[in-house]
Amino acid sequence: MLNIVLFGPPGAGKGTQSQKLIAHYHLVHLSTGDLLRAQIAQGTELGLRAKKLMDEGLLVPDEVVIGMIDSALSANEEAAGFIFDGFPRTVPQAESLDRLLAQHRAQIGCMVALEVKEEELVTRLLERGKTSNRPDDQDETKIRRRVTVYNTETAQVAGYYAAQHKFHALNGTGAIDDIFGQVCAVIDQHRAALDEAPAAATEEVQA
Ligand code: B4P
């Protein structure tokens with residue numbers, strides 16, 4: 001099973017690269033942002049609670065997103081693997097993801113982080129805000145708050161995966177196809193290593 005975490009600040013290109021990756025590797029795309037926006041569109045109680053936080057550029061509580069990922073994993077038992085986009089965003093979310101995947105005899109293969117400077121993030125998100133209809137993309141103060149939340153609450157998740165030797169950082173600035181090529185190179189390198197040592201990987205999951 002090929003399980004990839006796509007990581008980076010808001011506007012780094014996670015959603016953009018995810019679309020290309022799911023087509024290339026035939027993986028299931030799990031974006032907590034998309035799952036939350038679906039709840040908002042359906043007008044559920046969860047969606048109403050999440051909307052208030054998302055519109056302000058704040059994170060939704062861990063137990064809410066962990067519950068959504070738990071359900072999505074169970075609903076996709078036959079998947080060849082997953083692209084986790086925008087999740088995990090806190091260390092407790094990362095710890096829960098490891099536990100949930102272990103229940104499915106799986107684990108995260110690698111995390112690919114897209115690094116982009118704050119001014120470029122703000123430019124991209126304000127541009128998307130012209131057409132996305134997303135309140136969190138339309139106000140520079142909220143966009144900068146999202147970047148601050150990333151720096152204070154989310155960036156440390158990189159260390160969690162670095163400690164497991166699964167962290168790879170790439171420059172997320174430049175042509176989308178060039179960045180895609182670099183993301184694929186990291187994933188292909190991981191797959192080659194898996195092919196060479198499948199037994200070791202399985203033992204690790206069962207331990
Ligand atoms: P998300 O939906 O995850 O949204 P995002 O971080 O804003 O966007 P993403 O990073 O995918 O966008 P992309 O760069 O592809 O989160 C929204 C909110 O949901 C959060 O603020 C939070 O409230 C909540 N939430 C979600 N997950 C959560 C979790 N796990 N825990 C708690 N709360 C959670 O695209 C941005 C723009 O850049 C696009 O217009 C794109 O065209 C452009 N772009 C992409 N690559 C480019 C490139 N190389 N060059 C130029 N432009 C590029």
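Reader: Asn 133 is found in a loop. Between which helices is that loop?

Author: This is a predicted model, in which local features need pLDDT of at least 70, side-chain atom pairs count only at pLDDT 80 or more, and totals for chains, interfaces and linings use all residues. Residues are numbered from 1 along each chain as its sequence is written, and side-chain values use heavy atoms, with hydrogens and water left out. Helices (H or I, at least four residues) and strands (E, at least two) are DSSP runs, numbered from the N terminus. The loop that holds Asn 133 lies between α6 (118-132) and α7.

Reader: What is the phi of Asn 133?

Author: Most residues other than glycine have a negative phi. Asn 133 is not a glycine, yet its phi is positive, at about 65 degrees.

Reader: Is Asn 133 buried or exposed?

Author: Buried means under 20% relative accessible area, exposed over 50%, and partly exposed in between (1.4 Å probe, protein chains only). The relative accessible area of Asn 133 is 66%, so the residue is exposed.

Reader: What is the phi of His 26, and where does His 26 lie?

Author: His 26 is a residue other than glycine with a positive phi, near 55 degrees. Its relative accessible area is 62%, so His 26 is exposed. His 26 lies in the loop between α1 (14-25) and β2 (28-31).

Reader: Which residues of α3 are buried?

Author: On the other side of α3, Glu 45, Leu 48, Arg 49 and Lys 52 are exposed. The buried residues of α3 are Gly 47, Ala 50, Met 54 and Asp 55.

Reader: What is included in the cover over the buried residues of α3?

Author: Asp 55 lies in helix α3 and counts as buried because its relative accessibility is 18%. Beyond four places in sequence, Asp 55 is in contact (heavy atoms within 4.5 Å) with Pro 135, Asp 136 and Lys 142. The cover over the buried residues of α3 includes α2 and α7 (140-154).

Reader: With which side chain does the side chain of Asp 55 make a polar contact?

Author: A polar contact is a pair of N or O atoms within 3.5 Å; within protein, one must be able to donate a hydrogen and the other to accept it, and residues adjacent in sequence count only if both atoms are side-chain atoms. For the side chain of Asp 55 the distance is 2.6 Å, and the partner is the side chain of Lys 51.

Reader: Which peptide bond is cis, and what is its omega?

Author: Most peptide bonds are trans. Pro 88 lies in the loop between β3 (81-85) and α5 (91-103). The cis bond joins Phe 87 and Pro 88, with omega at about 0 degrees.

Reader: How many residues surround the ligand, and which are the closest?

Author: A residue counts here if one of its heavy atoms lies within 4 Å of the molecule. The number is 31, and the closest are Gly 13, Lys 14, Thr 32, Leu 58 and Arg 146.

Reader: What is the distance from an oxygen atom of the ligand to a polar backbone atom of Leu 58?

Author: A nitrogen atom of the ligand lies 3.0 Å from a backbone N or O atom of Gly 86. An N or O atom in the side chain of Arg 134 is 3.3 Å from an oxygen atom of the ligand. For the polar backbone atom of Leu 58, the distance to a ligand oxygen is 2.7 Å.

Reader: Which residues does Arg 37 touch beyond four places in sequence?

Author: Arg 37 is found in helix α2 (residues 32-42). Its relative accessible area is 27%, so Arg 37 is partly exposed. Beyond four places in sequence, Arg 37 touches Met 54 and Arg 134.

Reader: Which backbone oxygen does the side chain of Thr 154 reach?

Author: Thr 154, in helix α7, is buried because its relative accessible area is 3%. Its contacts beyond four places in sequence include Phe 7 and Leu 59. At 2.8 Å, the side chain of Thr 154 reaches the backbone oxygen of Arg 89.
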